[in-house]
Amino acid sequence: MTASPSSSARLGLWNRLLWALVFPRRHQRIVPTVSGTLLVSVALGIGTAAYNSANNILFITLAVLLACLVLSGVLSWLNLRGVEWRLDVAPPLRVGHVAVVALGLRNHKSFLPTYGLWFDVEAKPEQEGPPAAVESTITAKGIDVRAALARAEAVDARGQLVLRERLDPRGEARLDWTFQPVRRGRLVIDLVGVGSLFPFGFLRKTFTTEQRAVRLVWPAAVEYRRHAAASERLPAGSERAPQAGSGGDLWALRRYAPGDSHRLIHWKASARSQTLLVRQFAAESTTGFALALDSGATVWTRPEQFELLVSFAATLAEDLFRLGQLESAQINGEPPQPMRRVRDLEQFLDRLAVVQPNAESPAGGGSPTRLRNLLTFAPDGARGVIALVNGEKAASA
Amino acid sequence: MEKRRPQLSLDELHQLKWLLGGGLVLLSVATVFYLDVDAWTLMALTAAGVLAVLVKPEWPARVPVIVHRLAFPAIVALFVGDLWRTGEILPAIVRLDILLLLYRGTSYRQKRDDLQVILLGLFLIVVAGVLTVSLVFAVQLVLFTAWALAFLLVITLTEAAAPPVPARAGDPSGPPAWTRIRWGNLATRVRAVTDWRVVALGTGLFALVVVISAALFLAIPRFQLENSLFLERFVSKKARSGFNETIRFGEVTEILQDDSVAANIDVTDRSQIPATPYWRMLVLDEYSNGTFKLSPRLRRATFDNERTGAFVRGSRRPRLGLPVWTFYLESGISRYLPLLGPFELLRFTTIQNYRAGQVAGLVALRDEPVTMTAYRVEGMLTGDTVPDPAFTEFLAKPRAAGPLQSVELLRMVGVGEADRAVLRQAVAEITGGATLTVADFSVRAERWLAARHSYSLQPAIPAGPGDPLVRWLKANGGGNCELFAGSFVLLARTAGYSTRVVTGFKGGTWNAYSSNFTLRNSDAHAWCEIFDPAAGAWRRVDPTVGPVGAQEEVRGEAALARRTDTSWSARFDSLRVFWYRRIVNFDQRAQVETLKAIKDATEDSGRKLRERLADLFRGVRDWLAQPWDVRRIARILAVAVAAAALGWGWREYVGPWWRFGRRPGRVGKADPVRREASRWLARFGPLSGRAADEEAVHAALLRLRFGARETWPEPEAVFRQARRVWRESRRRRRAAARLT
């Protein structure tokens with residue numbers, strides 16, 4: 001006798017359903033806790049005794065224990081059902097500064113609250129290129145391996161956000177995690193897993209999520225020393241520069257761009273042109289600098305010195321922009337980018353966050369000497385970095 | 001958004017945990033009430049200690065640290081001493097368990113200690129259940145499970161609310177902050193936190209646990225591993241006096257005053273139940289100085305050698321049409337099983353060590369059963385005679401060796417010469433000097449006894465020299481069944497008839513709810529069997545007069561009707577019988593039968609459902625085919641209007657209960673503006689990814705829905721704007737959908 005297609009399909013559905021009930025789903029991990037292990041051990045012991053003695057009292061106890069496990073699963077499912085979480089990382093991130101990762105929670109259930117969740121969060125630098133192949137032979141000594149692992153761990157930050165209070169039905173909650181990025185570059189913030197012991201603590205249920213946020217970490221702010229020699233030779237700051245700045249005189253109107261202050265909107269002009277226009281003011285000073293960064297690998301052979309260079313450049317760019325003295329910035333001989341708005345500076349810092357030693361850049365070459373007050377950088381000994389204005393030492397870090 | 005309920009603080013969660021843990025200890029030690037283990041003192045001590053620390057939670061902090069350090073060695077020493085003193089391991093373990101519960105219940109607990117409390121309690125309940133097979137076990141297990149799950153839930157919530165702080169018992173830093181408990185305040189807080197919908201769901205889920213447990217119990221595959229239960233070997237129990245090999249006058253009287261259940265009996269064919277069933281347990285032959293006992297010679301002659309097995313083959317040949325009797329004999333009654341007479345086959349649920357008296361229709365277990373003993377009997381003789389061809393043969397050859405000695409014993413009077421003279425005189429009065437048949441002698445002797453003695457539960461045996469039974473016989477006072485039966489035996493033996501005393505139960509009640517016989521200890525009885533050589537059988541004679549002896553012989557349904565019990569105690573007994581039938585006595589065969597019954601019921605209900613659907617479909621078709629007129633249409637419209645009104649009523653009055661968990665009036669039922677704002681908010685749904693104009697309208701709607709009245713914007717304007725924005729939003733969504 002052969003089964004009909006519909007009956008075999010029904011059988012397959014039942015098989016899948018039963019298998020889904022018995023076996024955890026993909027990306028799910030269920031580990032018994034101490035109380036869970038105890039429950040399973042007690043159930044095994046009682047089951048053995050029940051079969052050994054054919055005693056129905058023990059069979060009843062066994063059935064109750066197993067039913068408790070089923071209830072635990074149902075309640076755990078109800079607890080997690082309808083809960084939505086969202087990673088929210090507020091930019092900017094900067095090396096050495098405290099960064100806040102917020103996890104927004106929302107319970108969509110109509111009357112059931114949610115309890116006792118935890119969220120494992122991890123922040124680590126984005127891996128460039130394909131993942132390293134698995135080594136079949138480890139030749140390093142154990143202590144070296146441990147040190148390498150420790151170094152790798154040092155740049156990773158891990159945290160656990162715990163929902164300590166009840167998440168009411170149709171309610172929202174926010175959990176904050178703070179950490180300090182230790183390296184510039186692309187930082188991947190992963191919601192590694194969500195876990196729960198609810199309701200009875202028998203099973204530690206965790207599952208991975210696809211929640212991920214990639215953010216740029218700007219270089220750290222460094223302390224530097226200014227040298228007066230170069231700045232004395234700069235022209236006095238009384239003449240108006242034909243460029244935008246933070247002065248009081250209207251210089252031009254331009255289209256509104258995201259990030260512009262609403263107070264800069266020129267309402268009349270916007271109404272006439274049916275387009276949002278913002279005011280630009282003339283710069284008050286003429287002591288503008290053009291920052292040029294050369295990341296030639298032949299010049300910056302030491303990684304620590306290169307990192308110092310990037311941090312120094314970022315710090316100088318930010319300081320000069322705050323003073324309204326940064327006209328443009330460029331990296332490795334690319335066309336200079338005007339620094340008119342905060343967004344321009346942020347874009348430059350974004351570039352600095354990911355800049356690497358450039359092997360193709362000739363040593364000392366590529367710097368556009370035609371620019372006025374050109375701010376360049378050079379190694380200062382084995383560790384230091386100096387900033388040069390038109391070739392003269394202006395600051396050092 | 002719903003109004004936010006308060007949350008329990010960490011201290012309040014600790015207080016709740018403390019309460020639940022104490023309650024669990026009390027629930028666990030309550031097993032002592034029905035567990036036959038001497039642990040009353042410990043139980044009382046534990047209950048008092050736990051109640052004391054529940055009222056004064058700061059007291060455990062005053063216990064010196066040294067007490068906690070010495071607690072474990074002291075408990076171990078007590079256990080060893082207990083074991084050495086009593087020599088019984090299981091009672092000692094039970095007392096150790098209670099002792100540990102006492103310690104854990106009266107000291108501050110960490111999570112592992114809480115788990116230990118649950119484990120100790122479970123052990124106690126399971127042991128009690130296994131040893132007693134009592135229905136109380138089921139009730140207690142359900143209560144314990146619910147309580148333990150609530151306890152574990154609170155433990156998990158406490159852990160989630162704050163990471164565990166390592167604090168040992170006897171911490172010198174003083175009592176924790178949570179020990180300042182005001183139970184009234186806590187109850188108020190818990191009530192404020194509790195949402196009745198969650199409680200209802202929890203209750204429903206727990207009911208589901210019970211259902212799943214029952215389903216698992218039915219579904220767990222059973223294999224007969226042919227092994228007896230291990231725990232029974234570690235505890236001993238003594239049977240009720242009156243049902244052992246020796247019976248003294250007065251012992252049955254004590255039993256008659258006990259109204260507890262001795263056995264429940266199922267029968268497959270109620271029409272074959274005797275009008276007055278006599279449940280025989282033991283025959284006693286040897287009489288001496290007011291005591292009847294089973295002589296070693298009769299024991300040897302009656303009972304076979306001890307055997308081990310689940311079946312007892314009887315002396316009867318297989319016959320069709322005889323009912324099957326299932327006995328559930330309570331613990332503590334006797335190791336002799338009550339039976340109506342010789343049988344064909346007796347089947348135990350588990351393997352037993354037994355000795356069977358096939359001809360006499362008696363079965364004796366080796367040990368007094370400590371749990372309910374279930375057995376099924378097939379082909380059982382239910383009449384008032386017990387055939388004994390061997391005894392007939394021995395009577396015919398009086399000089400034969402061996403069992404003949406027991407024949408002589410069954411005729412031995414066992415009294416002095418003076419008493420013998422009294423007996424001879426009595427026999428002369430009974431017989432009138434004539435030689436009577438067994439039946440005639442029995443009737444006359446019964447009448448003679450009834451004429452001189454009345455039935456009484458307070459028999460008065462006159463003091464004086466000689467045999468007590470003969471003294472009672474002379475005194476013409478009241479007596480109970482033992483005295484009547486004993487006197488009849490002496491009279492019959494004096495007259496030369498082989499006679500013996502039989503003990504067991506007489507009658508019983510028919511439980512109308514569970515359709516079974518219930519024997520109580522108050523049904524205990526003693527009667528006689530006199531050997532009738534003409535019939536080659538032992539004939540039952542019940543010389544007891546009065547309420548027990550002189551009963552009208554009514555047979556069949558009329559007899560059952562007279563015995564039917566419809567009282568409240570019968571209802572409870574029916575639960576006990578259900579427990580025995582469906583739970584305790586559930587075996588592989590019953591499992592197969594149950595699963596088959598479920599399958600049949602499912603198929604039958606499915607077939608009926610299909611038939612009903614087909615009928616419904618035909619009815620609807622016929623209804624549609626009927627001519628349509630105004631009255632009919634009006635009726636349909638009226639039904640539709642009523643349904644709409646019901647729906648409206650549900651939405652207005654019942655729906656808010658479900659959505660908000662409280663009275664509609666408190667969520668703005670009376671305010672149409674708030675209601676309208678609520679509808680618009682529900683229509684807008686989650687705000688994520690909305691345009692700016694929708695956000696503004698949403699904020700205004702939120703203010704109308706939840707804000708103070710004095711801060712409201714103009715409601716009509718807000719609703720107009722909401723309508724406009726909603727339409728625009730819908731238009732945009734449709735346009736986007738067309739583009740994609």
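How many bridges join strand E2(A) to strand E4 (residues 99–107) of chain A, and in which sense do the two strands run? Seven bridges join E2(A) to E4(A), and the two strands run antiparallel.

## About the model

This is a predicted model, in which local features need pLDDT of at least 70 and side-chain atom pairs count only at pLDDT 80 or more, while totals for chains, interfaces and linings use all residues. Residues are numbered from 1 along each chain as its sequence is written, and chains are lettered from A and ligands numbered from 1 in the order in which they are written.

The secondary structure of chain A comes to eight helices and 19 strands, where helices (H or I, at least four residues) and strands (E, at least two) are DSSP runs numbered from the N terminus. Of the 397 residues in chain A, 32% are buried; a residue is buried if 20 or more other C-beta atoms lie within 10 Å of its own, exposed if 12 or fewer, and partly exposed in between, with C-beta atoms placed from the backbone. Among the contacts in chain A with a separation of 6 or more, 74% are between residues 24 or more positions apart, and two residues are in contact if their C-beta atoms, placed from the backbone, lie within 7 Å.

Strands E2 and E4 belong to an open sheet of three strands in chain A, with the order E2-E4-E7 and antiparallel pairing; two strands pair if DSSP finds at least two bridges between them. Strand E2 (83–89) and strand E7 (172–179) of chain A are the edge strands, each pairing on one side only. On average, and with direction ignored, neighbouring strands of this sheet are turned by 20 degrees against each other, the axes being lines fitted to C-alpha atoms (for helices over the stretch in contact) and angles running from 0 to 180 degrees between N-to-C directions.

## Two hairpins in chain A

Further along chain A, strand E17 (residues 374–380) and strand E18 (residues 384–389) pair in the antiparallel sense over six bridges, and A:Pro379 has A:Val385 in E18(A) as its bridge partner. The hairpin of E17(A) and E18(A) has three residues between the strands, and in this hairpin A:Gly381 takes a positive phi near 75 degrees.

Strand E18(A) is also joined by four bridges to strand E19 (residues 392–396) of chain A, and these two strands run antiparallel. Here A:Leu388 has A:Lys393 in E19(A) as its bridge partner, while the hairpin of E18(A) and E19(A) has two residues between the strands, with A:Asn390 in the turn at a positive phi of about 50 degrees.

## A buried strand in chain B

In chain B, five of the five residues of strand E14 (residues 516–520) are buried, so this strand is largely enclosed by the rest of the structure. In a regular strand the side chains alternate between the two faces of the sheet. In E14(B), B:Asn516, B:Thr518 and B:Arg520 point one way, whereas B:Phe517 and B:Leu519 point the other way.

Strand E2 (residues 261–267) of chain B is joined to E14(B) by four bridges and runs antiparallel to it, with B:Ala263 opposite B:Leu519. Strand E13 (residues 509–511) of chain B is joined to E14(B) by three bridges, again antiparallel, with B:Trp510 opposite B:Phe517. E13(B) and E14(B) form a hairpin with four residues between them, and B:Ser515 in the turn has a positive phi of about 55 degrees.

## Two crossing helices in chain B

The axes of helix H13 (residues 417–431) and helix H14 (residues 438–452) of chain B come within 9 Å and cross at roughly 110 degrees. H13(B) and H14(B) are therefore roughly perpendicular to each other, since angles under 35 degrees count as roughly parallel, over 145 as roughly antiparallel, 65 to 115 as roughly perpendicular and the rest as oblique. The contact is made by B:Glu429, B:Ile430 and B:Thr431 of H13(B) together with B:Phe441, B:Arg444, B:Ala445 and B:Trp448 of H14(B).

## Where the chains meet

Between the chains, 46 residues of chain B are in contact with 38 residues of chain A. On the side of chain B that touches chain A, the largest share, 11 residues, comes from H6(B).
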